[in-house]
Amino acid sequence: MMRTLPTPSPGASCPQCAGLRMYALTYNHTATCTLRARTDSRGAADHAMFGSFAGTRTRDTTTTERALLIAAGIPEQAIPDQVDLDRVTTSVLVPRWDGIDLGGIP
Ligand SMILES: [Zn+2]
């Protein structure tokens with residue numbers, strides 16, 4: 001029997017600023033949302049930590065990512081402790097969690 005992966009709920013929004021989820025784990029945060037600031041900081045840290053590798057690297061899931069996944073409707077118990085970061089271009093790393101289908105990137 002095939003297992004159905006958890007997917008985000010339609011109309012999910014940021015638990016802090018109520019900005020709507022746009023795709024994957026990207027929300028339309030307000031400029032002052034601290035979850036936006038933490039997400040931006042994590043992205044910069046990932047680029048600094050992983051350099052210009054090609055492929056996938058793994059690190060721990062952050063508390064901010066966990067909060068945004070839960071806000072998207074992913075059951076907390078389905079969220080892995082680690083996230084895979086796939087490099088899709090020289091400047092874009094896309095997070096991917098085993099067992100969760102966040103949908104495609106537009
Ligand atoms: Zn927000």
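Trainee: In which segment is Ala18 found?

Mentor: Ala18 is found in the segment before β1. Strands, like helices, are DSSP runs numbered from the N terminus (helices are H or I with at least four residues, strands are E with at least two). The model is predicted: local features need pLDDT of at least 70 and side-chain atom pairs count only at pLDDT 80 or more, while totals for chains, interfaces and linings use all residues. Residues are numbered from 1 along each chain, as its sequence is written.

Trainee: Why does Ala18 count as partly exposed?

Mentor: A residue is buried if 20 or more other C-beta atoms, placed from the backbone, lie within 10 Å of its own, exposed if 12 or fewer do, and partly exposed in between. Ala18 has 13 C-beta neighbours inside 10 Å and therefore counts as partly exposed. Its phi is near 70°, a positive value in a residue other than glycine.

Trainee: What is the phi of Ala24, and how many C-beta neighbours does Ala24 have inside 10 Å?

Mentor: The phi of Ala24 is near 40°, again a positive value in a residue other than glycine. Ala24 has 17 C-beta neighbours inside 10 Å, so it counts as partly exposed. Its place is in the loop between β1 and β2 (26–27).

Trainee: Why is Met22 called exposed?

Mentor: Met22 has 12 other C-beta atoms within 10 Å and is therefore exposed. It lies in strand β1, residues 21–23.

Trainee: Which residues does Met22 touch, not counting residues up to four places away in sequence?

Mentor: Met22 touches Tyr27 and Asn28 on that count; two residues are in contact if their C-beta atoms, placed from the backbone, lie within 7 Å. Met22 and Ile105 are 83 residues apart in sequence, and their C-alpha atoms are 9.5 Å apart in space.

Trainee: What makes Thr4 exposed?

Mentor: Thr4 has 7 other C-beta atoms within 10 Å, so it is exposed. Thr4 lies in the segment before β1.

Trainee: Why does Thr89 count as exposed, and why is Arg87 partly exposed?

Mentor: Thr89 counts as exposed because it has 7 C-beta neighbours inside 10 Å. Arg87 has 18 other C-beta atoms within 10 Å and is therefore partly exposed. Thr89 lies in strand β4, residues 82–89, and Arg87 has its place in strand β4. Leaving aside neighbours within four places in sequence, Arg87 is in contact with Phe53, Ala54, Gly55 and Leu93.

Trainee: What separates the C-alpha atoms of Thr89 and Ala78, and how many Å apart are Arg87 and Asp98 in space?

Mentor: Thr89 and Ala78 are eleven residues apart along the chain, and their C-alpha atoms are separated by 28 Å. Arg87 and Asp98 are eleven residues apart in sequence and 16 Å apart, C-alpha to C-alpha.

Trainee: Why are α1 and α2 called oblique to each other?

Mentor: The axes of helix α1 (residues 34–50) and helix α2 (residues 63–71) come within 10 Å and cross at roughly 125°. Angles under 35 degrees count as roughly parallel, over 145 as roughly antiparallel, 65 to 115 as roughly perpendicular and the rest as oblique. The two helices are therefore oblique to each other.

Trainee: Which residues in α1 meet α2?

Mentor: Leu35, Arg38, Thr39 and Arg42 in α1 meet Thr64, Ala67 and Leu68 in α2.

Trainee: How confident is the predictor in the chain?

Mentor: The chain averages a pLDDT of 91, and 96% of the residues score at least 70; pLDDT is the predictor's confidence in each residue, from 0 to 100. Confidence is lowest in strand β5 (residues 92–96), at a mean of 89, and highest in α2, at 97.

Note on methods
Axes are lines fitted to C-alpha atoms, for helices over the stretch in contact, and angles run from 0 to 180 degrees between N-to-C directions.
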